[in-house]
Amino acid sequence: TRERYAGAFAALFDQVDCVVSPTSHDTTPTSAALDAMLESGDVGRLIDFTAPADLSRSPAICLPGGFDDAGVPYGFQIVGRHLGEDLLCRVGYAVQTDSDWSAKHPSV
């Protein structure tokens with residue numbers, strides 16, 4: 001099943017260079033919220049958007065995407081074709097140089 005999925009996912013890159021998606025449903029969870037999720041075993045919301053790339057063995061790069069109104073960071077991922085890390089690094093570099101998200105830090 002995983003091999004069929006990986007093949008279907010790989011075929012997507014015959015049509016696009018990369019796929020952009022969120023890394024999670026929400027902004028970065030607090031340490032307490034993360035501990036509660038891990039303790040309960042309810043980690044699905046943490047990996048819903050990253051698991052497809054992981055299961056397909058496709059390379060991905062996660063980048064900061066901005067901050068919510070409270071200053072909490074959120075991110076996104078760029079997924080590429082198998083052995084396409086060079087393109088991911090170029091796209092990631094372009095995004096980082098065109099934004100100032102990586103220079104901002106939330107209040108502690």
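The model is predicted. A search of the whole structure finds three salt bridges, and the structure also holds two aromatic pairs.

**Salt bridges**

Side chains of opposite charge can pair when their charged atoms come close.

- E3 and R57 meet through their side chains in a salt bridge, at 2.8 Å from N to O. This pair links distant parts of the chain, with E3 in helix α1 and R57 in the loop between α4 and β2, 54 residues apart.
- E3 is exposed because its relative accessible area of 54% is over the 50% mark. R57, with a relative accessible area of 41%, is partly exposed.
- D26 and R45 form a salt bridge in which the closest N and O atoms are 3.0 Å apart. D26 lies in the loop between β1 and α2, while R45 lies in helix α3, so the pair ties together parts that are 19 residues apart in sequence.
- D26 is partly exposed, at a relative accessible area of 47%, and R45 is partly exposed as well, at 40%.
- D86 and R90 form a salt bridge with the closest N and O atoms 3.4 Å apart. Both residues lie in helix α5, which spans residues 85-98, and they are four residues apart, about one turn of the helix.
- D86 has a relative accessible area of 48% and is partly exposed, whereas R90 has 51% and is exposed.

**Aromatic residues of helix α1**

- Y5 and F9 form an aromatic pair with 5.8 Å from centre to centre. The planes of Y5 and F9 stand at 40 degrees to each other, and the pair is tilted.
- Y5 and F9 both lie in helix α1, residues 2-12, at a spacing of four residues, about one turn of the helix.
- Y5 is partly exposed, with a relative accessible area of 31%. F9 is buried, with a relative accessible area of 14%.
- Y5 and F9 belong to one aromatic cluster together with F13.

- The side chain of S56 reaches the backbone oxygen of A53 at 3.0 Å.
- Not counting residues up to four places away in sequence, S56 touches Y5, A6 and F9. Y5 and F9 are also the two members of the tilted aromatic pair.

- With a relative accessible area of 16%, F76 is buried.
- Leaving aside neighbours within four places in sequence, F76 is in contact with residues including V20, S21, P22 and T23. Among the other contacts of F76 are I61, C62, L63, P64 and G65, as well as V95 and W101.
- F76 and S24 are 52 residues apart in sequence, and their C-alpha atoms are 7.8 Å apart in space.

Technical notes
Residues are numbered from 1 along each chain as its sequence is written. This is a predicted model: local features need pLDDT of at least 70, side-chain atom pairs count only at pLDDT 80 or more; totals for chains, interfaces and linings use all residues. Side-chain values use heavy atoms; hydrogens and water are left out. A polar contact is a pair of N or O atoms within 3.5 Å; within protein, one must be able to donate a hydrogen and the other to accept it, and residues adjacent in sequence count only if both atoms are side-chain atoms. Contact means heavy atoms within 4.5 Å. Rings of Phe, Tyr and Trp (its six-membered ring) pair if their centres lie within 6.5 Å; planes under 30 degrees apart count as stacked, over 60 as edge-to-face and the rest as tilted. Helices (H or I, at least four residues) and strands (E, at least two) are DSSP runs, numbered from the N terminus. Buried means under 20% relative accessible area, exposed over 50%, partly exposed in between (1.4 Å probe, protein chains only). A salt bridge is a side-chain nitrogen of Lys or Arg within 4 Å of a carboxyl oxygen of Asp or Glu.
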